[in-house]
Structures are given as C-alpha cells and as structure tokens.
Amino acid sequence: MEMAAPAKLVQDVAAAFEETARKQETQLVLNLDESLQIPVDPEQFRVVMSCLIRNCLEALKRAGTLQIQLSEDESPAGLGFCAIGPGA
C-alpha cells in the first residue's frame, strides 16, 4: 500500500460524475482536506468512491445535493457523505 492524497482521488472520481449530476439537477459539493495523506490502494479507493457516489446519485434521483467531506479532525481520517433531496 502506498501513501496517497485521498482528496485528489475523490476529486478525480467526482469529476467523472459531474455530467450525471448536472442532468439530474444535483449539486456535488466537495469539502476535502487536501493536505491529508493516507496509506491506500488508489485503484481500490477509486472503485469504492465510484460505487458510493453512483449509489447516492441513484437514490437522490433529481434536484438534490450530494456533499462529500474528507477530514482529519481526529485519527483516523474521516470520510462522510450527506445526500439532501428526494430519495435521500
């Protein structure tokens, strides 16, 4: 496992869903601690993030907000999702 910046990985995956979110009038909001470095397999992390974002967008259906937060308030680092809207 290598040290990686999860914020960059989250940004990359979220960018792949921007068109889907736009079509369903859902706003993607990222609150990411860009200084955070964690030991992670980048490819597996991308797969997990893709599944989580896809599931949230499918549940929201239309006109919502999906907020993704990544922080290191305490150890270990925290990753949170907050979906607001129909189906959330």
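Select helix α1, residues 6-16, where Asp 12 and Lys 8 both lie, four residues apart and thus about one turn of the helix from each other; helices here are DSSP runs of H or I with at least four residues, strands are runs of E with at least two, and both are numbered from the N terminus. The side chains of Asp 12 and Lys 8 meet in a salt bridge at 2.8 Å, N to O, the term standing for a side-chain nitrogen of Lys or Arg within 4 Å of a carboxyl oxygen of Asp or Glu. Asp 12 is partly exposed at a relative accessible area of 33%, and Lys 8 is partly exposed at 47%, where buried means under 20% relative accessible area, exposed over 50% and partly exposed in between, with a 1.4 Å probe and protein chains only.

The model is predicted, so that local features need pLDDT of at least 70 and side-chain atom pairs count only at pLDDT 80 or more, while totals for chains, interfaces and linings use all residues. Residues are numbered from 1 along each chain as its sequence is written, and side-chain values use heavy atoms, with hydrogens and water left out.

A search of the whole structure finds four salt bridges, and a second one to display joins Glu 25 and Arg 62, whose closest N and O atoms are 3.3 Å apart. Glu 25 lies in the loop between α2 (18-23) and β2 (27-32), and Arg 62 in the loop between α3 (42-60) and β4 (65-71), so the pair ties together parts that are 37 residues apart in sequence. Next, on helix α3, pick Arg 46 and Glu 43, three residues apart, whose side chains meet in a salt bridge at 3.8 Å, N to O.

Now turn to the largest nonpolar core, which has 20 residues, with Val 10, Phe 45, Met 49, Ile 53, Leu 57, Leu 66 and Ile 68 making the most contacts inside it; such a core is a set of buried Ala, Val, Leu, Ile, Met, Phe, Trp, Tyr and Cys residues joined through side-chain atoms within 4.5 Å. Helix α3 gives the most to this core, with six residues.

Finally, colour the cysteines: the structure holds zero disulfides, a disulfide being a pair of cysteine sulfur atoms within 2.5 Å. Cys 51 is in no disulfide, the nearest cysteine sulfur, that of Cys 56, being 11 Å away, and Cys 56 is in none either, with the sulfur of Cys 82 nearest at 9.4 Å.
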